[in-house]
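Welcome! Here is a short tour of one protein model, taken a few features at a time.

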Amino acid sequence: MEKQEFLTKLQALAGQCDGLLTHDDGSWIVKGFIDSFKAVYAMPGDTKVLSKVVEVMLFPTFAKFAEENQLKMYLSGKQNHYPDLTFECADGKKYAVDLKTTYRENDSTVNTMTLGAFTGYFRDRKSNKNTLFPYGDYESHFVFCVIYNRCDD
């Protein structure tokens with residue numbers, strides 16, 4: 001699969017993700033966490049927790065995307081490794097997809113997000129340090145960003 005075709009399919013997937021995280025009224029589908037004693041804990045507003053919940057909720061959709069497009073999907077082995085997802089075509093081409101979440105600050109601005117460590121794999125593109133595959137092995141790199149509205153109530 002060529003880069004443009006992968007991008008087009010990834011963009012189509014993004015359009016299908018709207019209803020996976022929220023109800024029609026905009027409220028989150030996940031309301032919190034439950035422990036083995038059935039105590040329920042409300043969803044915290046911590047951006048790292050929300051990011052992880054979003055990732056977990058989207059993984060089945062990405063797995064289905066890989067299956068439908070005859071791609072192998074690899075998950076990052078560690079939290080601080082790049083990328084979150086690697087898709088490999090039958091011909092060996094690899095595409096990196098890094099999942100990011102952030103919130104809207106207002107109608108025209110979103111909060112910042114980190115796009116990578118510019119001291120490591122960006123500079124030494126043959127290194128395996130903090131990457132699943134060397135950065136230079138990827139045909140292309142994509143950021144899949146989920147932008148949400150915060151509710152401080």
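## A loop residue to start with

N130 sits in the loop that links β5 and β6. Helices and strands here are DSSP runs, numbered from the N terminus: a helix is H or I over at least four residues, and a strand is E over at least two. This is a predicted model, where local features need pLDDT of at least 70 and side-chain atom pairs count only at pLDDT 80 or more, while totals for chains, interfaces and linings use all residues. Residues are numbered from 1 along each chain as its sequence is written, and side-chain values use heavy atoms, leaving out hydrogens and water.

N130 and Y82 are 48 residues apart in sequence, yet their C-alpha atoms are 6.2 Å apart in space.

## The protein as a whole

The protein has three helices and six strands, and along the sequence they follow the pattern α-α-β-β-α-β-β-β-β. Its C-alpha atoms fill a box of roughly 45 × 40 × 35 Å along the principal axes.

Of the 153 residues, 36% are buried. Among contacts (heavy atoms within 4.5 Å) between residues at least 6 apart in sequence, 51% join residues at least 24 apart.

## The four-stranded sheet

Look next for an open sheet of four strands, in the order β3-β4-β5-β6 and with mixed pairing. Its edge strands are β3 (72–75) and β6 (138–148), each pairing on one side only. Two strands count as paired if DSSP finds at least two bridges between them. On average, neighbouring strands of this sheet are turned by 25° against each other, direction ignored. In general, strands of a sheet pair through backbone hydrogen bonds, either parallel or antiparallel.

β3 and β4 (residues 85–88) run antiparallel and are joined by four bridges. In one of the pairs, M73 has F87 in β4 as its bridge partner. Helix α1 (residues 3–16) lies across β4, β5 (94–103) and β6, and runs at about 15° to β6. For such angles, axes are lines fitted to C-alpha atoms, for helices over the stretch in contact, and angles run from 0 to 180 degrees between N-to-C directions.

## A pocket and a cavity

Of its 26 lining residues, T22, G26, W28, Y148 and N149 lie nearest the centre. α2 (18–21), α3 (47–68) and β6 are the elements that give two or more residues to this lining, and β6 has the largest share, with five.

How many cavities of 30 Å³ or more does the structure hold? There is one.

Terms used:
1 Å grid on protein atoms, 1.4 Å probe; cavity = no way out; pocket = protein on both sides within 12 Å on 5 of 7 lines; lining within 4 Å. Points joined across faces, edges and corners; volume = space filled by probe spheres on them. Buried < 20%, exposed > 50% of the residue type's maximum accessible area, 1.4 Å probe, protein only.
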